[in-house]
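The sequence and structure come first.

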Amino acid sequence: MLIPCPYCGPRDVSEFTYQGDANRTRPDPLSTDREVWDGYVYDRLNTAGDHREYWQHSGGCRSHLLVVRSTLTHAIVSAGFARDAATKPKKTRRKAGARP
């Protein structure tokens with residue numbers, strides 16, 4: 001399987017390290033709710049079709065990637081830097097004279 005690194009180009013999967021499922025939301029690190037953490041660590045869905053995954057190009061540029069891969073064919077649908085896919089809070093400005 002070839003993974004297209006946005007920096008290095010297409011590379012063999014042996015140069016990459018799987019970092020985990022990119023669809024899951026990590027619980028609050030300060031949470032002590034055991035059920036929430038057990039669910040996060042152990043409960044997995046095994047869906048057929050496109051799946052978002054984190055990979056690191058450990059044998060190359062060391063970038064972290066967000067890869068969308070078909071679990072049926074293992075074909076790579078898309079790949080990009082994980083930092084570009086992160087949701088960043090939008091900054092908004094108040095209009096002059098607006099009340100907080």
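This is a predicted model: local features need pLDDT of at least 70, side-chain atom pairs count only at pLDDT 80 or more; totals for chains, interfaces and linings use all residues.

An open sheet is built from four strands in the order 3-4-5-6, with antiparallel pairing. Its edges are strand 3 (17–21) and strand 6 (76–81), each of which pairs on one side only. From one strand to the next, the twist averages 30°.

Strand 5 (residues 64–70) runs antiparallel to strand 6 and is joined to strand 6 by five bridges. Within this pairing, Leu65 of strand 5 lies opposite Phe81 of strand 6.

The model has three salt bridges. One of them connects Arg69 and Glu53, whose closest N and O atoms are 2.6 Å apart. This pair links distant parts of the chain: Arg69 belongs to strand 5 and Glu53 to strand 4 (residues 50–56), 16 residues apart.

Both partners fall under the 20% cut-off for buried residues: Arg69 has a relative accessible area of 12%, and Glu53 has 2% relative accessibility.

## Other salt bridges

Arg34 and Asp38 form a salt bridge with an N to O distance of 3.7 Å. The two residues are four apart in helix 1 (residues 34–42), so about one helical turn separates them. Arg34 is exposed at 64% relative accessibility, while Asp38 is partly exposed at 32%.

Glu15 pairs with Arg11 in a salt bridge, with 3.9 Å between the closest N and O atoms. Glu15 is partly exposed, at 24% relative accessible area; Arg11 is also partly exposed, at 31%.

How values were computed. Residues are numbered from 1 along each chain as its sequence is written. Side-chain values use heavy atoms; hydrogens and water are left out. Two strands pair if DSSP finds at least two bridges between them. Axes are lines fitted to C-alpha atoms, for helices over the stretch in contact, and angles run from 0 to 180 degrees between N-to-C directions. A salt bridge is a side-chain nitrogen of Lys or Arg within 4 Å of a carboxyl oxygen of Asp or Glu. Buried means under 20% relative accessible area, exposed over 50%, partly exposed in between (1.4 Å probe, protein chains only).
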